[in-house]
Amino acid sequence: MKMKRAGRKRQKGCLAIFLAGLFLWAAWGPAAWGEEPGGAETSTADVSLRLYAQSAVLMDGDSGRVLYEKDGYHSMPMASTTKIMTCILALENGNLDDMLTVSSYAASMPKVHLGVKAGERYRLEDLLYSLMLESHNDSAVVIAEGIGGSVEGFASMMNQKARDIGAYDTFFVTPNGLDATALFEGPDGKATERAHSTTAADLARILRYCIVESPKSELFLAITQADSHQFADGDGRRSFGCFNHNAFLHMMDGALTGKTGFTGMAGYCYVGAVQQDGELYIVALLACGWPNNRSYKWSDMRELVEYGLEHYAYRDVWQEPPLTEVLVTDGVPWDGQPDEEAYVALKADYGGGQPGLSLLLREEEEVVVTVRQADSLKAPVEAGTVAGTVTYRLGEEVIKSYSLVTVRAVEKRDFAWCCQYLWQRFLLAP
């Protein structure tokens with residue numbers, strides 16, 4: 001009897017261990033051990049995508065709209081993808097022929113590094129190739145000190161540029177992406193310690209700025225697309241060769257640019273852009289595996305771009321807005337009659353461009369257009385006065401908004417105008 005009870009206890013114990021193991025496997029999944037991509041995740045597009053990256057975004061490079069995201073608004077370290085901001089700031093604020101001097105601090109940077117020595121001088125252009133092709137950490141610091149006066153000064157420039165382009169969840173501490181923290185002063189004046197970090201959405205937005213919006217976008221692309229670059233220090237004593245380590249440039253048709261990154265905290269990261277059939281896609285990947293899984297970022301990159309190419313296409317959603325004239329109180333009517341109400345017509349202000357709005361959309365997505373215009377305006381009114389808006393929405397997201405403006409000026413019907421009217425109407429009449 002005791003033996004049977006003991007056997008049953010052993011069976012129950014084995015069953016408990018088995019169930020516990022099954023629970024842990026279900027909770028963590030094979031991806032936790034670097035074997036397979038994770039399961040379905042919350043997304044703005046399609047929950048069927050399976051990605052290795054803990055955080056990912058697919059962005060329409062033309063409009064800046066996020067087409068797909070997996071935890072894409074969560075702040076995480078981004079390693080050397082940081083260097084896209086370092087590069088574009090240097091291009092916008094420096095001269096390619098500028099000679100920058102190496103400090104002892106810059107020379108102390110860990111690998112991956114160019115191996116610069118304190119006191120040496122290098123052309124900014126050569127350092128940028130070193131930065132973007134080989135991802136050299138010391139070159140990043142030489143650039144930062146040369147452009148911003150110090151690493152801290154350059155970090156302030158980086159953070160200001162991030163705010164300027166709408167990357168509000170990004171905080172830069174270093175120009176090379178090495179894991180670091182610094183004090184951050186919030187709007188309330190309180191200082192808190194914050195890590196060098198970004199979100200996948202912000203990182204995609206920063207690359208979009210680099211290749212679409214920046215006045216130095218062509219130079220940025222020329223540097224990041226180069227296969228190699230040869231140069232020497234300012235005195236010609238040492239020669240160097242840099243080779244592009246962005247393997248994805250040769251993995252997919254239309255690959256435009258990109259930057260890899262890795263630290264122990266960040267894992268493998270990547271941000272890149274692909275253009276095919278007139279469609280520009282930007283992908284940002286954070287925490288996309290750890291050693292020995294450096295290839296995960298390439299499969300995630302291809303997965304997201306192919307998803308975009310398969311499910312999205314350009315569609316012209318522009319509509320002629322139905323507009324009515326707006327009453328102008330105390331205004332002079334167009335025919336100058338004092339006993340009539342004054343009205344003014346409106347038109348959409350396209351900023352000097354041609355009417356039209358093409359968006360990358362899924363087949364089932366529909367854009368809703370709403371027109372709001374003022375019930376009335378008070379005279380005097382100048383031509384071009386804003387009197388409403390035309391808004392294009394996709395769900396809750398505002399895709400585009402145009403101002404409605406008056407097509408002509410309207411004078412005020414005041415005592416002086418009435419006197420002038422009477423004088424011209426009765427006293428000067430033949």
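Which side chain meets that of Lys378 in a salt bridge? I looked this up in what is a predicted model, and found that the partner is Asp330, with 3.2 Å from N to O. I placed Lys378 in strand E18 and Asp330 in the loop between strand E13 and strand E14, so the pair ties together parts 48 residues apart in sequence. I noted Lys378 as exposed at 55% relative accessibility, whereas Asp330 is partly exposed at 36%.

**Other salt bridges**

My search of the whole structure gave 12 salt bridges. One of them joins the side chains of Lys161 and Glu92 at 3.1 Å, N to O; because Lys161 lies in helix H6 and Glu92 in helix H2, this pair ties together parts 69 residues apart in sequence. I recorded Lys161 as buried, with a relative accessible area of 15%, and Glu92 as partly exposed, with 22%. I also noted that Asp97, Arg123, Glu125 and Asp126 are joined into one network by salt bridges that share partners.

**Asn176**

I then turned to Asn176, which sits in the loop between helix H6 and strand E5 and counts as buried, at 2% relative accessibility. A polar atom of the Asn176 side chain lies 3.2 Å from the backbone nitrogen of Leu178. Leaving aside residues up to four places away in sequence, I listed the residues that Asn176 touches, among them Ala79, Ser80, Lys83, Met109 and Asn137.

**Whole chain**

How values were computed: Residues numbered from 1 in each chain as written. Predicted model: local features only at pLDDT ≥ 70, side-chain atom pairs only at ≥ 80, totals over all residues. Heavy atoms only, no water. Helix = DSSP H or I, 4+ residues; strand = E, 2+ residues; numbered from the N terminus. Buried < 20%, exposed > 50% of the residue type's maximum accessible area, 1.4 Å probe, protein only. Polar contact = N/O pair within 3.5 Å; in protein donor to acceptor, adjacent residues only side chain to side chain. Contact = heavy atoms within 4.5 Å. Salt bridge = Lys/Arg side-chain N within 4 Å of Asp/Glu carboxyl O.
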